[in-house]
Amino acid sequence: MPPKVIAVPKTDPAAYNPNRPAGTLLQAQALHMREALIRHLHEMTTLLNIDMKSLKSEADVSAYVHKATALLHTHAGKPAKK
Amino acid sequence: MSAGLDNLKHIVVLMMENRSFDHMLGSLKQKYPKINGLTGNESNPDTNGAIVKVQQKAQFQSQLDPDPDHHFPGVDLQIFGGASPGPGRVANMQGFVKDYFSQTKDVNRSHNIMYYFDSQKDLPVLSTLATEYAVFNGWFSSIPGPTICNRAFAHYGTSFGQVGMDIFYILDTSIASIYERMIQAGHTAKIYYYDQPSSTMEIVNLLKNQPQIFGTLDQFVSDCAGNTLPEYSFIEPCYNDHPGADGGQILASDQHPDHNVREGERFIANVYNAIRTNPTLWQNTVLLVVYDEHGGIYDHVVPPACTPDGKTASADATGTGEPFAFDRLGIRVPAVLVSPWIPRGTVVPGTEDPANAQIFEHASIPATVTNFFLKGDAKRTAREQQAKTFLGLLTDQMRQDDDCVVFNNLQ
């Protein structure tokens with residue numbers, strides 16, 4: 001007998017809102033990224049020069065976090081290692 | 001040692017964001033009396049003195065905006081009902097509505113903090129896992145405070161004395177993260193974040209120093225399918241709405257208010273299915289789904305005392321006028337443990353059953369991983385050393401394949 005299958009409803013597409021104001025958690029994440037950059041990547045001045053006060057929306061934060069992660073996590077995009 | 005423990009090769013932890021136990025699973029008490037949820041008579045006073053009962057009216061989104069307060073002073077108010085810090089005050093869980101009013105400035109809207117889901121109807125994934133495997137009546141956040149310090153307990157077994165969102169980790173290297181402990185001992189461990197625009201949350205310092213620790217969710221799914229999953233994995237949901245690489249829309253799946261709860265359900269289902277659909281992996285893996293903290297949302301259970309971790313947060317740091325010795329836990333959160341070696345309907349008793357209570361918190365995560373894989377051999381805080389571990393829930397009897405559910409995420 002096959003296992004019981006539980007249906008999982010789709011999320012309302014209207015839920016997507018990258019312009020939602022970034023909350024304290026996301027703001028803190030961006031600040032942590034910046035701190036890590038300062039300590040480990042002094043040469044990355046371009047990214048560090050971004051004005052943190054300009055990070056108003058989730059889209060703003062995600063764009064910043066994306067760039068920071070790409071710089072910090074040099075293994076990103078490579079095959080996973082155990 | 002049980003047969004389930006003998007077979008165990010992988011521990012996977014998925015930590016979601018900012019929902020209380022009663023908010024997500026409280027309604028299950030109606031059908032499953034052993035689950036310490038809601039009777040429907042629990043209440044809080046509002047700022048007009050009216051009694052506000054819990055109501056099964058939670059919505060997936062838009063109901064908890066502004067984001068409910070969950071910083072230390074706010075949680076102190078939620079737990080103690082507004083009594084001034086000092087000896088003799090009693091925790092009564094009567095300050096949630098008052099605290100939310102301080103943000104909403106709207107008495108009616110402040111009542112939203114008492115709303116809870118119809119779990120089986122609204123949350124088919126979390127409620128199914130809770131009732132098909134094991135649910136913890138007594139898993140508490142580690143600190144009555146916000147995300148960063150609570151998640152630190154899952155990674156380090158301590159927050160190094162922090163009760164807020166400060167950057168603590170770079171200044172104190174006295175306690176290694178669970179990932180570093182594992183790798184230094186020749187074991188394997190990885191943090192899977194969702195993608196680069198979401199990234200990892202509180203241990204970004206390790207991105208540069210320990211890049212091999214990290215992977216993406218796609219890599220987790222690939223590792224599950226290819227039998228290359230590390231011994232210990234920690235999974236992070238997507239923390240923000242952002243465009244996908246293909247131009248599509250990526251929704252936050254962390255369930256942090258005001259992100260859509262249903263998207264988090266789908267995320268949990270995806271993680272479960274990645275393990276469940278590999279028969280080999282399914283037999284030798286245990287999955288813990290847990291929330292970092294309650295997010296300011298009502299729960300009726302008073303947090304218990306705990307072993308201090310030797311740190312003290314100053315009165316300035318707590319914002320309450322009183323220091324905090326890390327000697328009591330934060331508010332209760334949902335936590336479920338999944339494995340075919342766990343009998344259906346397992347309910348782990350909490351404070352409602354003092355004689356049999358098993359109290360867990362996020363330090364239980366590194367404690368469990370360290371005890372199982374490293375035989376306890378690591379420098380740890382007293383708090384982590386005393387934390388309850390959860391692998392004792394694995395039994396000698398493995399359930400048949402057709403006795404374990406799968407999720408269809410295509411509806």
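# Briefing: chains A and B of a predicted model

Chain A has three helices and one strand (helices are DSSP runs of H or I with at least four residues, strands are runs of E with at least two, and both are numbered from the N terminus). This is a predicted model, in which local features need pLDDT of at least 70 and side-chain atom pairs count only at pLDDT 80 or more, while totals for chains, interfaces and linings use all residues. Residues are numbered from 1 along each chain as its sequence is written, and chains are lettered from A and ligands numbered from 1 in the order in which they are written.

**Chain A**

- From the N terminus on, the order of elements in chain A is β-α-α-α.
- Of the 82 residues in chain A, 33% are buried (a residue is buried if 20 or more other C-beta atoms, placed from the backbone, lie within 10 Å of its own).
- Among the contacts in chain A with a separation of 6 or more, 65% are between residues 24 or more positions apart (two residues are in contact if their C-beta atoms, placed from the backbone, lie within 7 Å).

**Where chain A meets chain B**

- The contact takes 46 residues from chain A and 52 residues from chain B.
- On the side of chain A that touches chain B, β1 (5-7), α1 (24-40) and α3 (58-72) each give two or more residues.
- The most is given by α1(A), with 11 residues.
- β1(A) runs parallel to strand β13 (residues 406-408) of chain B, and three bridges join them (strands pair if DSSP finds at least two bridges between them).
- In this pairing, Val5(A) stands opposite Val406(B).

**Strand β10 of chain B**

- In strand β10 (residues 285-291) of chain B, seven of the seven residues are buried.
- In a regular strand the side chains alternate between the two faces of the sheet.
- Both faces of β10(B) are covered, with Thr285(B), Leu287(B), Val289(B) and Tyr291(B) on one side and Val286(B), Leu288(B) and Val290(B) on the other.
- Seven bridges link β10(B) in the parallel sense to strand β1 (residues 10-16) of chain B, where Met16(B) stands opposite Tyr291(B).
- Four bridges join β10(B) to strand β11 (residues 335-338) of chain B in an antiparallel manner, and Leu288(B) stands opposite Leu337(B) there.

Key:
A residue is buried if 20 or more other C-beta atoms lie within 10 Å of its own, exposed if 12 or fewer, and partly exposed in between; C-beta atoms are placed from the backbone.
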